[in-house]
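The exercises below ask you to read a structure step by step, with the model open beside the text. Try each task on your own before you turn to its solution.

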There are 2 protein chains.
Amino acid sequence: MAAAAGVSITTVSDALNGKGRLPDATRRHVREVANRLGYRPSAAARTLRTGRSGLIGLTVTTYGEEPFTFTEFAYFAEMARAATSAALARGYALVILPASSRHDVWSNVALDGTVVIDPSDHDPVVADLVRQGIPVVSDGRPAGNLPVHAWVDNDHEQAVLGILEHLADSGARRIGLLTGTSTDTYTRLSTTAYLNWCERVGQEPVYESYPAHDPCAGAVAADRLLARPDRPDAVYGLFDPNGTDLLAAARRYGLRVPEDLLLVCCSERAAYATTEPPISTLSLKPGRIGTAVVQLLIDAIEGVGAGRPVAQVMPTDLIVRASSQRRPPRTTVSPPRSPDDD
Amino acid sequence: MAAAAGVSITTVSDALNGKGRLPDATRRHVREVANRLGYRPSAAARTLRTGRSGLIGLTVTTYGEEPFTFTEFAYFAEMARAATSAALARGYALVILPASSRHDVWSNVALDGTVVIDPSDHDPVVADLVRQGIPVVSDGRPAGNLPVHAWVDNDHEQAVLGILEHLADSGARRIGLLTGTSTDTYTRLSTTAYLNWCERVGQEPVYESYPAHDPCAGAVAADRLLARPDRPDAVYGLFDPNGTDLLAAARRYGLRVPEDLLLVCCSERAAYATTEPPISTLSLKPGRIGTAVVQLLIDAIEGVGAGRPVAQVMPTDLIVRASSQRRPPRTTVSPPRSPDDD
DNA sequence: GCGATGTGCAGTGACGTTTCTGCATATGCG
DNA sequence: CGCATATGCAGAAACGTCACTGCACATCGC
């Protein structure tokens, strides 16, 4: 390349990177030759020299051997889409690397930093990365005292309070909760927010827990909740399939939704807009999370505002549909998405 | 590192890579020290030296500025999941790189090869990659004469024939088609397969086309199709939202599904299993495609069986539900997915 | 006309691997 | 014992880039 342009290697580098003291004529000439030859500077060499690869990892903790869990699909897909966009806009590319990947794959790729989704307590991969000095930002409050550089999470307490108030506004007298048995922060924060609210307004808590990763257990728990003598007249389900599970259970007990039972669940599924009746959902806005997480990570990589707030709590969106309103909505409550709303 | 273990750089390299002539004692010693120091060989240096990065690109042609199109979500998510798995199993990691990415991002990452999903005619990115000698395998027959090294696609003709026969078996007398106006191979192959079938069995074709990327146009076209004087008594919709669109249109015209109208559409949406009635779908099995595409790509990268068949046509799966059967199925026609079925 | 300052490049040394070559010391065989 | 062969490791070159340093030559002010 240098030979083809009749200049030195240094000049090529300077011309292409806009550095050094070169007259525009030389710069143009070098670029023109590079273009004609289809020449691309070697990414590997640049990475070796500069210590920057322009790659950031997108890691999801897996519970099986498959890269992503099925229940996370809609959330993950949207989050990954937004993260990819945000990264590209800042000149980085995303590498999908499940935490369970073979070790040789992890060490074979030079990452400038990593996003971890929902890291489990003392995740060995995260610990290892941090030890190498690689910035790690997590989606979800890090459990245990995982030494991540920053994290982004939804305001789960506020979300639950919002839903409970909405249900109460719609006329609910006794609100039930369908929750999980595991101790992750999402479940824990949401459940205590519910319990606190109950105590504050003087309602006896009515809830059922089940292992959230078991798809069948959810239907059983939904059934159990509606079979109780102190049956709730409104239910919030913490997990994605709870909407259909609760709807099915309600049908079995001859309960009409929303007349006899108000329903909300936390999910990103578009399908809940077209169920009979449409089910109100709490959206965690994965797009917003993905964007925020990547921004924080790249800031950390580039040393922008080091030492600034490393925790970011994002609001959620309650999408009110027929299932949680005693009267049909007067106006469109969930307007069509605007392009940059998430 | 070499100093810490009291050996030469060469010995470290050999010990870690299982090469050279070293007694097990030395090998173990070096590995133990490396472990203690948390030493990881530099991926960048290795890539520079060997010319292999262990990275493969996953490119999706975009029609807006967002990395993936919304309608491709379910397909893409599943395909990406499978592709990631397959790549990892062979020691590679996947980089998500939309074709519309800034040029500097593309040239900043060293790829061993790329998977392109649904490349458009004469895609400049693909042409560029091929010129650099980087293997490219496409999901979907390459349009134009895009010089990809291999491709994988569904057997669209066979799929359409299977659906038409199934509908005819269910008692359809006049089968309609909801198709697209664009000229991509999927639309073209499916439509001509339909027209050929019509000619063969002596049915007058009944179809409506619309621009597939326009979410609203689909509902209008569905309506148009059912409003025709020669209204079909069965419809196959080529695109993901056609199921709900057709169902809504049928309801407007007071047509019962499946009694008055049989319905099938091509989609990966799980939600079609729970509509009222459940809608039969054609699954393209994106998981199988993703796996195949990655295998082909890595074979090309590693020079395995160079010059072997570079085109692979995969079967589709017709998932028969209530919408396309005049009588309810006797047995479960769509069994629960087995773990490695896709 | 002569130092001081600026301009336009070329040379060079890392970055951290891998791979090839090479040199000792041990081991085998007749 | 002496020569061929094996074994155990070290040295050095190269991969392609970037960031220095350095060297010519031009320009300028006086």
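**Exercise 1. A sheet that runs through both chains**

Which residue in S11(A) does A:Val152 stand opposite?

Solution. The structure is a predicted model, and the reading begins with a single pair of residues. In S11(A), the residue that stands opposite A:Val152 is A:Gln312.

The next step is to follow the neighbours. The strands form an open sheet of 12 strands with mixed pairing, in the order S11(A)-S5(A)-S4(A)-S3(A)-S1(A)-S2(A)-S2(B)-S1(B)-S3(B)-S4(B)-S5(B)-S11(B). At its edges stand strand S11 (311-314) of chain A and strand S11 (311-314) of chain B, and because each has a single partner strand, one side of each is left without a neighbour in the sheet. Ignoring direction, neighbouring strands of this sheet are turned by 20° against each other on average.

Helix H12 (residues 286-302) of chain B lies across S1, S3, S4, S5 (150-154) and S11 of chain B, running at about 170° to S5(B).

**Exercise 2. How the two copies are related**

What rotation superposes chain B on chain A, and how many residues does each chain give to the contact?

Solution. Two copies of a chain are related by a rotation about an axis and a shift along it. Here a rotation of 180° with 0.0 Å of shift along its axis superposes chain B on chain A, with an RMSD of 0.1 Å. The two copies are therefore related as by a two-fold rotation axis. Among the residues of chain B, the one that comes closest to this axis is B:Val95, whose C-alpha lies at 2.2 Å. The same surface serves both copies, for 98% of the contact residues of chain B recur in chain A.

Now turn to the contact itself, which takes 45 residues from chain B and 44 residues from chain A. Between them, chain B and chain A bury about 3,700 Å², with 63% of it on carbon and sulfur atoms. Of the area that chain B buries against chain A, 15% is supplied by B:Arg40, B:Arg81 and B:Ile96, more than by any other three residues.

**Exercise 3. An enclosed strand**

Is strand S6 (residues 175-180) of chain A largely enclosed or left open by the rest of the structure? Give the residues on each face and the partner strands.

Solution. Begin by counting: six of the six residues of S6(A) are buried, so the strand is largely enclosed by the rest of the structure. In a regular strand the side chains alternate between the two faces of the sheet. Taking the faces in turn, A:Ile175, A:Leu177 and A:Thr179 are buried on one side, and A:Gly176, A:Leu178 and A:Gly180 are buried on the other.

For the partners, S6(A) is joined to S8(A) by four bridges, and these strands run parallel; A:Ile175 has A:Ala234 as its bridge partner in S8(A). S6(A) also pairs with S7(A) over five bridges in the parallel sense, where A:Gly180 has A:Tyr210 as its bridge partner.

**Exercise 4. Aromatic pairs**

How many aromatic pairs does a search of the whole structure find over all chains? Describe how the rings of A:Tyr210 and A:Phe239 meet.

Solution. The search finds five aromatic pairs over all chains. In one of them, the ring centres of A:Tyr210 and A:Phe239 are 6.0 Å apart and their planes stand at 85°, so the pair is edge-to-face. A:Tyr210 lies in strand S7 (residues 206-210) of chain A, whereas A:Phe239 lies in the loop between strand S8 (234-237) and helix H11 (242-252) of that chain, so the pair ties together parts that are 29 residues apart in sequence. Both A:Tyr210 and A:Phe239 are buried.

Key
Residues numbered from 1 in each chain as written. Chains lettered and ligands numbered in written order. Predicted model: local features only at pLDDT ≥ 70, side-chain atom pairs only at ≥ 80, totals over all residues. Heavy atoms only, no water. Phe/Tyr/Trp six-rings, centres within 6.5 Å; stacked < 30°, edge-to-face > 60°. Helix = DSSP H or I, 4+ residues; strand = E, 2+ residues; numbered from the N terminus. Buried < 20%, exposed > 50% of the residue type's maximum accessible area, 1.4 Å probe, protein only. Pairing = 2+ DSSP bridges. Axes fitted to C-alpha atoms, helices over the stretch in contact; angles between N-to-C directions. Contact = heavy atoms within 4.5 Å. Least-squares fit on C-alpha atoms with pLDDT ≥ 70 in both. Buried area = accessible area lost by both parts, 1.4 Å probe.
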